[in-house]
Amino acid sequence: MSKRGRAIKPQHGTSAAKGRSAAKGGGAPRPVALVTGAARRVGRAIALELARSGFDVVVHWRSSRADAEETAREVEALGAKSWLVRADLSVVAEIEGLFGVVAELVGRLDLLVNNASSFYATPLGSVTEEQWDELLASNLKAPFFCAQFAAPLLQASGRGQIVSLLDSAATRPFPRYLPYSAAKAGLLSLTHGLARALAPKVRVNAVAPGPVLLPEEYDAAQRAGAVDATLLQRAGTPEDVARTVAFLATGPDYLTGAVIPVDGGRSIA
Ligand SMILES: NC(=O)c1ccc[n+]([C@@H]2O[C@H](COP(=O)([O-])OP(=O)(O)OC[C@H]3O[C@@H](n4cnc5c(N)ncnc54)[C@H](OP(=O)(O)O)[C@@H]3O)[C@@H](O)[C@H]2O)c1
């Protein structure tokens, strides 16, 4: 096993993307974003919106290989360069490997988006140690170690940023999802702590979605309940979240330690 861990398979999206990392006309190189869990759903929307906003994108995936390849194709169709990198983020050695690959293959990193997450109901009385470990690993441990391994690259960037995906559950815990809610609360604390630890070179912010893309297994009653908990009485979209991430990435650069709710008012309802 290499020092940097295992099971890391870097791939370029397609050969069509090669050589496209510099802006047209030989100007400054495009900034590079790494989006964890970018194969599907909200992560894919973020990867595409960042590509539209001028970033080349490292598409991280764990099990959704075909979807990740589709994300990479769509990133490239928008004129950006993409790289595909696999890692199980519950394993610190694989996180180290992921950033080793980014350093070697890409050579820079300007934005880390901590999006990957596991999410499922864990009613009190039935929670197993395995569930606790999985939920805490993807939602809290992984963002911490991603930030730690990304920090030297982000500091070298001169305009490095981290954006983490929280949840309204970070401040109003969901009673049937306590390990997930506690992990997101930890990630909120980590957002503030990293903003302090990495200042002034690296800015660290978060987006806290409400119901933008409900779990595929939710039934009609669960969907109605999630929408009913919002002030706006409707679900949002992955694009609402993605555009907010892009706003943080490209907008005013005097924000750090900020959390933007994109939740239809759920957190104050
Ligand atoms: N969807 C919503 O309405 C909503 C609401 C509030 C907050 N959020 C937050 O927004 C973010 C995106 O939401 P989502 O619903 O799109 O997420 P999701 O579909 O539940 O998960 C995104 C990806 O995370 C990856 N992942 C999970 N565990 C991993 C691990 N151990 N190692 C590496 N990758 C792992 C999976 O990649 P593979 O498929 O490749 O395995 C998965 O596709 C999450 O942080 C979520 O908590 C979403």
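Biologist: Which residue follows α3 and has a positive phi?
Modeller: This is a predicted model, in which local features need pLDDT of at least 70, side-chain atom pairs count only at pLDDT 80 or more, and totals for chains, interfaces and linings use all residues. Residues are numbered from 1 along each chain as its sequence is written. Helices (DSSP runs of H or I, at least four residues) and strands (DSSP runs of E, at least two) are numbered from the N terminus. With a phi near 85°, the residue that follows α3 is G107.

Biologist: How far apart are the end C-alpha atoms of helix α3?
Modeller: The expected span of a helix is 1.5 Å times one less than its number of residues. Helix α3 (residues 92-106) has 15 residues and should therefore span 21 Å, which agrees with the separation of its end C-alpha atoms, 21 Å.

Biologist: Which elements do the buried residues of α3 pack against?
Modeller: A residue is buried if 20 or more other C-beta atoms lie within 10 Å of its own, exposed if 12 or fewer, and partly exposed in between, with C-beta atoms placed from the backbone. In α3 the buried residues include I95, L98 and F99. Contact requires those C-beta atoms to lie within 7 Å, and the elements packed against are β2, β3 (56-61), β4 (82-86) and α4.

Biologist: Why is R30 buried?
Modeller: R30 sits in the loop between β1 (11-12) and β2 (32-35). R30 is buried because, within 10 Å, it has 20 other C-beta atoms.

Biologist: What distance separates the C-alpha atoms of R30 and A195?
Modeller: A195 and R30 are 165 residues apart along the chain. Their C-alpha atoms are separated by 24 Å.

Methods. Two residues are in contact if their C-beta atoms, placed from the backbone, lie within 7 Å.
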